[in-house]
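Welcome! Open the model in your viewer and follow along, one selection at a time.

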Amino acid sequence: MKENHLSLDAAKERKRQKKKHFRMELFFLVPSLVGVALFYFIPFCDVVLRSFCPEFGEGFAGLENYRAVVENKAFRIAVQNTLKFVAIYIPVLLAFSLFLAVMLDFLRGKQGLYKKVFLLPMAIPVASLVLIWKVFFDRYGLVNRILSVFGVAEPDYFHTGLAFLVLGITYLWRNFGYDMLLWKTGIDAIDANLYQAAALDGAGFCRQFRYITLPQLKDMGFVIVVISVINSFKVFREAYLIGGDYPNQSIYMLQHLFNNWFVRLELGKLTAAAVMLALVVFLFIAAVERILVPKEM
């Protein structure tokens, strides 16, 4: 009886401690939850409601705004360019940054120096970055001056289809250092005993990378994919500074379209497109999480 009474008291004490910890965690979470609700969740709910309303006046427009968005030619061009950008440059960024992280793992003595060098592009303001690219890729810039020496025609990088390539290079150059640092953090968290055991079994670098490194990096890979997708939408700043409201069609992104609709107060189409984009991004993140993040048994 005495043992049962002690075990019951211990269970009550654990339950009391859990409630105390929960209240403490809730105390620290409430400010963040209130901020997210006020500045993100409630405004997004308002956007969803407005997407079913006429642009001017009150009432219920049904799916009229969504139909107008889908039938809009500029929207289809912007979606095509955005999907093309994500499909091409995000895999390149992930692979290149992972390659650098693996190579950096072998440079034990100079890791700090290389990390600073690779992260330097993120410290450069966007306006300065665009000015640098104009020095190199302007019609009369440094690259074309070098090409003219060899008798090569001088292409216009900002007002032709080459603008898509320049924008992609800008995105890769600006973000590869940050992604590399995240990959490197994931690699450092892998138990070194796994590599030692694999080496004793005769596994070389390639087999260790395939069967140890990559599986152990799935959780970090999910985080990097999400961050890279979010950063890919930020290239609008560079594209806007290069081409303005209406740049070359190859770099006319969804952000350009949203900005132009906002300026013209086409709020019906703007809210409907924002809801559609949020839904697509949510489904994409959910699919990536299902693929990369293992479920706990």
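How are H2 and H3 oriented to each other: roughly parallel or roughly perpendicular? Select both helices: they pack at an angle of about 65 degrees, with their axes 5 Å apart, so H2 and H3 are roughly perpendicular to each other. Angles under 35 degrees count as roughly parallel, over 145 as roughly antiparallel, 65 to 115 as roughly perpendicular and the rest as oblique. The axes are lines fitted to C-alpha atoms over the stretch in contact, and angles run from 0 to 180 degrees between N-to-C directions. Helices are DSSP runs (H or I, at least four residues), numbered from the N terminus.

Before moving on, note that this is a predicted model: local features need pLDDT of at least 70, side-chain atom pairs count only at pLDDT 80 or more, and totals for chains, interfaces and linings use all residues. Residues are numbered from 1 along each chain as its sequence is written, and side-chain values use heavy atoms, with hydrogens and water left out.

Val69, Val70 and Glu71 in H2 meet Lys73, Phe75 and Arg76 in H3. By class, this contact has 3 nonpolar, no polar and 3 charged residues. Here Ala, Val, Leu, Ile, Met, Phe, Trp, Tyr, Cys and Pro count as nonpolar, Asp, Glu, Lys and Arg as charged, and the others, Gly among them, as polar.

In H2, Asn65, Tyr66, Ala68, Val69 and Val70 meet Gly268, Lys269, Ala272, Ala273, Val275 and Met276 in H13. This contact divides into 8 nonpolar, 2 polar and 1 charged.

Next, go to the largest nonpolar core, which has 33 residues; Phe85, Leu167, Tyr171 and Trp183 have the most contacts inside it. Such a core is a set of buried Ala, Val, Leu, Ile, Met, Phe, Trp, Tyr and Cys residues joined through side-chain atoms within 4.5 Å. Buried means under 20% relative accessible area, exposed over 50% and partly exposed in between (1.4 Å probe, protein chains only). Centre on Trp183, and look for its contacts, including Leu94, Leu98 and Ile224.

Then select Asn81, in helix H3. Asn81 is buried, with a relative accessible area of 9%, and touches residues including Phe164, Gln249 and Tyr252.

Finish just after H8, where Gly202 takes a positive phi of about 90 degrees.

Key. Contact = heavy atoms within 4.5 Å. Helix = DSSP H or I, 4+ residues; strand = E, 2+ residues; numbered from the N terminus. Lists of a residue's contacts leave out its neighbours within four places in sequence.
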